[in-house]
Structures are given as structure tokens and as C-alpha cells.
Amino acid sequence: MADARISRLGRVAVLLGGDSAERAVSLRSGAAVLDALRSRGVDAHALDPAEDGLAPLLAGDFDRAFIVLHGRGGEDGSMQGALETLGIPYTGSGVLGSALAMDKLRSKRIWQGQQLPTPPYAVARGEADLTSAAETVGFPMFVKPSREGSSIGMSRVDDRAALDAAWREAAALDEQVLIERFVDGPEYTAAILGDRVLPMIRLETPNTFYDYQAKYESDSTLYHCPCGLDAEREAALATLCLSAFEAVAASGWGRVDFMLDADGRPWLLEVNTVPGMTDHSLVPMAAAADGIPFDELVLRILETSLEQTREGAA
């Protein structure tokens, strides 16, 4: 007799690849998720929207979808909206939560409205905005596309002379460029599964910052879990991260990134609603530290698709 836990999941589309700047990472994440689901007996099939379109979903061949599409088109509410229109349950955040979390500018504005700490910032939609942005934020600073992930197009800028080039790099990816005050201190990440924050990870890299290469390619990046904070402090920061996650209507699973400054004050950076699931990825590391093996983590994430209450959903 088939495992009832597996049987109720039905036929699953693992959505991977896509055509965003994070396609390569998504293909790696998707392959890992697919293997894990199949190892547990789930009837799972890879579907790359960039190559297959939505025809297999339109045909009604799938009971639910596991979204492992990183970046635009998969993490920004677009695919979530399509799946809701088709009546196909899916993993993770809904349309609103996905769209808000993908947009770092809107996330920061919401956090500010709820008195949650996030670094001061300015928005530069053209080169004419750079001088005033520099005066507002000060150096050093980070320049980043507002709606990209994996640190793509992101630069640390230490002086006015380097700002123009950093802005052009970010603006090539997004007309909305976020200029954010640099926080001098350690970076942490809080993985969220359901309504729980998993053990936090402190990141350490010899690079200028935790960039794409440090995230996915480097063997010199260090991941500290336990993160080195005492239990009371970690619990307080977990509460803050859950508040930040819920503030942007994120749900199901995800990750909140933040930094601590020299005085130990936290500063929220961003929410990821479809974090990486590669061998360098943070959510699987946090889950392992909590005693959750990768295949069980993937299964629990898939089971978030069984929860039908979403913002804007019937």
C-alpha cells in the first residue's frame, strides 16, 4: 500500500530553469529537488517554462507544483498568478508575498512602516539621482538592482568615483536601482519553514561581500551553524525575522537575510521566497542543523502546497 503522505501529493511538476538571470542556479536547485522527491516515491517531473512553456500545466497533467524558479518570472508572483489561474496548488508564498519580497524597495518601505530596522537607502532611476543619493546614504554603500536575486548586479561602492559604473551595472538589469548604506558587521541568514525559524547561519567570506561567487562557486566561504549567538539573542532575532517575513506577506518557506552592526543592532536586508536548494545553499544547511535531512526538507516544502489559504486565493 502506498504511503498516504506521498499518495495525497499526486503528480508534481518541479518548475526549474526559467529565463531569469538566475537560470543556472535554478537548474541546479531543481535537479536536487527532483532527485529528493523521487527518492521518497513522489511522482515528480521536471518542467522548464523557458523550454516547455505552460502547455504541460494547461493540459491538466499535474496536481501541484514545486516552484524552484529563482528570480523574475518565477519568484516575483508571475508564475504564482498563473498557477492560481489554472487552479494548481504550489509551494511557498502567494502572488502578493512573492511580488513584495522580490522588490527590495517595497520590502524596505513596508518594514519602515512597521518600525522594523533596515539600512537607510535612496533610489536612483537615472544618473542624475546619484549625487543626491550619495549625500543621503553616504559611503561606503551597496548599489543593487531592486528586483534581482543572488547578488546579481550588486556592488560595494567606497567613493563617488566608483558610483557611476556601479549604477550602470545595476541599471542594466533594473531601471529601479537601490542604493543602501553599508552595515559594517557580520551577516546572518534565518531559514523559515512553516512558522518556525531554523538554526541561524553566520556567513563569512574573504570576498568584498557575500556575492554570487561566494554563494555558489567558492569553497572559501564559511558557514557557521551554530551561528555563535547565545540562545536568548538568537530567539529574539528569530522573532524579528518572522515579523519581517510576515510583513511582506511571505509564507510557507523562505529565508530572511540580515546584518548586525558594530553595536549589535540588527538590520534587515531582504526576504527570499524561493531560496537556493543547491549543495552550497543555506536553507538545507539550516535544516540539517535542525536534524532535517534534505529529502525530508523538500517533502515538507512540497506539503506547503496542501495549504489552500493564500492572499487573494479563493
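Predicted model: local features only at pLDDT ≥ 70, side-chain atom pairs only at ≥ 80, totals over all residues.

D257 belongs to strand β12.

Is D257 buried or exposed? With a relative accessible area of 4%, D257 is buried, because buried means under 20%. Setting aside residues up to four places away in sequence, D257 touches E187, Y188, T189, L268, L269, E270 and N272.

## Two aromatic pairs

How many aromatic pairs does a search of the whole structure find? It finds two. One is made by F142 and F182, and it is tilted: the centres are 5.8 Å apart, with 50 degrees between the planes. F142 lies in strand β5 (residues 141-145), and F182 in the loop between β7 (177-181) and β8 (187-193), so this pair ties together parts that are 40 residues apart in sequence. F142 is buried, at a relative accessible area of 7%.

Y188 and F258 form a stacked pair, 5.4 Å centre to centre and with 10 degrees between the planes. It counts as stacked because planes under 30 degrees apart meet that description. This pair also links distant parts of the chain: Y188 is in strand β8 and F258 in strand β12 (residues 253-260), 70 residues apart. Y188 is buried at 5% relative accessibility, and F258 is buried at 0%.

## The open sheet and its helices

Strands β5 and β6 run antiparallel and are joined by three bridges. They are part of an open sheet of four strands, in the order β4-β7-β5-β6, with antiparallel pairing. At the edges are β4 (121-124) and β6 (155-157), each of which pairs on one side only. From one strand to the next, the twist averages 25 degrees.

Which strands does helix α7 lie across? Helix α7 (residues 104-113) lies across β4, β5 and β7, and runs at about 145 degrees to β4. Helix α8 (residues 130-137) also lies across β4, β5 and β7, running at about 25 degrees to β7.

## A histidine in strand β2

For a last stop, turn to H45, in strand β2 (residues 43-47). H45 is partly exposed, with a relative accessible area of 23%. The side chains of H45 and D43 are joined by a polar contact of 2.6 Å.

Which residues is H45 in contact with, leaving aside its neighbours within four places in sequence? They are R11, V12, A13, V14, L34, R38 and F62. As for D35, 10 residues from H45 along the chain, the C-alpha atoms of the two are separated by 9.8 Å.

How values were computed
Residues numbered from 1 in each chain as written. Heavy atoms only, no water. Phe/Tyr/Trp six-rings, centres within 6.5 Å; stacked < 30°, edge-to-face > 60°. Helix = DSSP H or I, 4+ residues; strand = E, 2+ residues; numbered from the N terminus. Buried < 20%, exposed > 50% of the residue type's maximum accessible area, 1.4 Å probe, protein only. Pairing = 2+ DSSP bridges. Axes fitted to C-alpha atoms, helices over the stretch in contact; angles between N-to-C directions. Contact = heavy atoms within 4.5 Å. Polar contact = N/O pair within 3.5 Å; in protein donor to acceptor, adjacent residues only side chain to side chain.
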